[in-house]
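This report describes a single protein chain through its fold, its packing and a few selected residues. The sequence and structure follow.

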Amino acid sequence: MKRIDFRSDTVTQPTAAMRRAIAEAEVGDDVYGEDPTVLRLEALVAERLGLEAAVFVPSGTQANQLAIGAHCRAGDEVLTEAGSHILHYEGGAVPALWGVQPQPLPGQRGLLSPEDVSAAVREDNIHNPRTRLLSLENTHNRGGGSVWPVERFRAVVEAARKAGLAVHLDGARLFNAGVALGVPVSAWAALTDTTSVCFSKGLGAPVGSALAGRADVIREARRLRKRLGGGMRQAGILAAAALHALEHHVERLADDHANARRLAAGLAELPGVKVDTSRVETNMVFAEFSRSALEMVAQLEQHGVLTNPAGAPRTLRLVTHLDVSAADIDEALQRIRRAVG
């Protein structure tokens, strides 16, 4: 029985064309700045995001942490929404690596308001940490794959600027947001000081992310990348997959979004399953079952459907991606129907 894997969009396998690009990549030593494929990728990312420069890194976590390290110093504070990736999924790196204090702000499906940001900035007082950075996330993972409306994003960034803060965007799934709204990713990224993007999620590359931003910030991030062990040698083998993803896998994200809506609609019809179909904006579906999340994960796995708990006691997250077709969605719904009984 074929397993249908909804655990994450990170589980994708490289396509045959991507494997050819990897095999044929022109390479050099990236630490010396001599890998031509990495240089092409970094230039393309900066151009797409509307920022000055970019640096290729192994993971999205490293990209986000390089941004925090470049913008902040020990004793500073970063504002971020309470469900953000940098708080929940990066191993406590913000305080552990940089001595920076995070201040979690309650949002709405992962989104903040200008008032939220302005109210959280601390006054200049010897008792307080310096509020130095605002970190946002688009799409927002724990918000359900939610997309920042461009004008709301702009207003929040303006509030941060008025308070003298730098702005970082965790854009691991930023291309999903661009496809969902039909706007270039620079609509968000060009408003920031730094933006990270991930190639190993919806874009389907096996490894890699990039951090883009002002040239001076990226120079500092490159120095910190070396400190964290992220200096790579013939990294063009990896960058070739990311280049292929940018050139061939962005527009097709619309298929993943359509499949997520198809999945949500089907789940909403099953007994004992609750789904708010209006909240399926990109490639994530959050479904509440009548049994515990852990019990449902085990039950669905017996039927060849892989999922992950989503934090709430009875809620699962199901993520669509390029290795899940519309036919797989229909087959998965039949299996889930049998599992819920």
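## An exposed glycine

Gly 311 counts as exposed, at 66% relative accessibility. For the accessibility classes, buried means under 20% relative accessible area, exposed means over 50% and partly exposed lies in between, with a 1.4 Å probe and protein chains only. Gly 311 belongs to the loop between β12 (308-309) and β13 (315-319). Its C-alpha lies 8.6 Å from that of Ala 293, and the two residues are 18 apart in sequence.

## Basis of the model

The model is predicted: local features need pLDDT of at least 70, side-chain atom pairs count only at pLDDT 80 or more, and totals for chains, interfaces and linings use all residues. Residues are numbered from 1 along each chain as its sequence is written, and side-chain values use heavy atoms, with hydrogens and water left out.

## Overall fold

The chain contains 14 helices and 13 strands. These elements are DSSP runs numbered from the N terminus, with helices being H or I of at least four residues and strands being E of at least two. The C-alpha trace spans about 60 × 50 × 35 Å along its principal axes. The radius of gyration is 20 Å, which agrees with the value near 20 Å for a compact globule of 341 residues. That radius is taken over C-alpha atoms, and the globule rule is 2.2 Å times the number of residues to the power 0.38.

Of the 341 residues, 55% count as buried. Among contacts with a separation of 6 or more, 74% are between residues 24 or more positions apart; a contact means heavy atoms within 4.5 Å.

## Surface and charge

The chain has 38 positive and 40 negative charges, whose mean positions are 3 Å apart. Lys and Arg are counted as positive and Asp and Glu as negative, while His and the chain ends are not counted. Each charge is placed at NZ of Lys, CZ of Arg, CG of Asp or CD of Glu.

## Aromatic pairs

There are 2 aromatic pairs in the count. Rings of Phe, Tyr and Trp (its six-membered ring) pair if their centres lie within 6.5 Å; planes under 30 degrees apart count as stacked, over 60 as edge-to-face and the rest as tilted. Phe 56 and Phe 199 form a tilted pair, at 6.3 Å centre to centre and with 45° between the planes. Phe 56 is in strand β2 (residues 53-57) and Phe 199 in the loop between β7 (194-198) and β8 (209-213), so this pair ties together parts that are 143 residues apart in sequence. Phe 56 and Phe 199 are both buried.

Trp 148 and Phe 153 form an edge-to-face pair, with 5.6 Å between centres and 85° between planes. Trp 148 is buried at 0% relative accessibility, and Phe 153 is buried with a relative accessible area of 0%.

Met 1 lies in the segment before β1 (4-5) and counts as exposed, at 70% relative accessibility. Not counting residues up to four places away in sequence, Met 1 touches Gln 302, His 303, Gly 304 and Arg 335. The C-alpha atoms of Met 1 and Gly 304 are separated by 6.8 Å, although the residues are 303 apart along the chain.

Arg 173 sits in the loop between β6 (166-171) and α8 (174-181). At 6% relative accessibility, Arg 173 counts as buried. Leaving aside neighbours within four places in sequence, its contacts are Ser 8, Asp 9, Asn 138, Thr 139, Asn 141, Lys 201, Asn 283, Met 284 and Arg 317.

The peptide bond from Asn 138 to Thr 139 is cis, with omega near -5°. Thr 139 is located in the loop between β5 (130-137) and α7 (150-162).

Gln 103 is in strand β4 and is buried, with a relative accessible area of 17%. Beyond neighbours within four places in sequence, Gln 103 is in contact with Glu 77, Val 78, Leu 79, Thr 80, Ala 120 and Arg 122.

Arg 109 is in the loop between β4 (101-105) and α6 (114-120). Its phi is near 55°, a positive value in a residue other than glycine. Arg 109 is partly exposed, with a relative accessible area of 24%.
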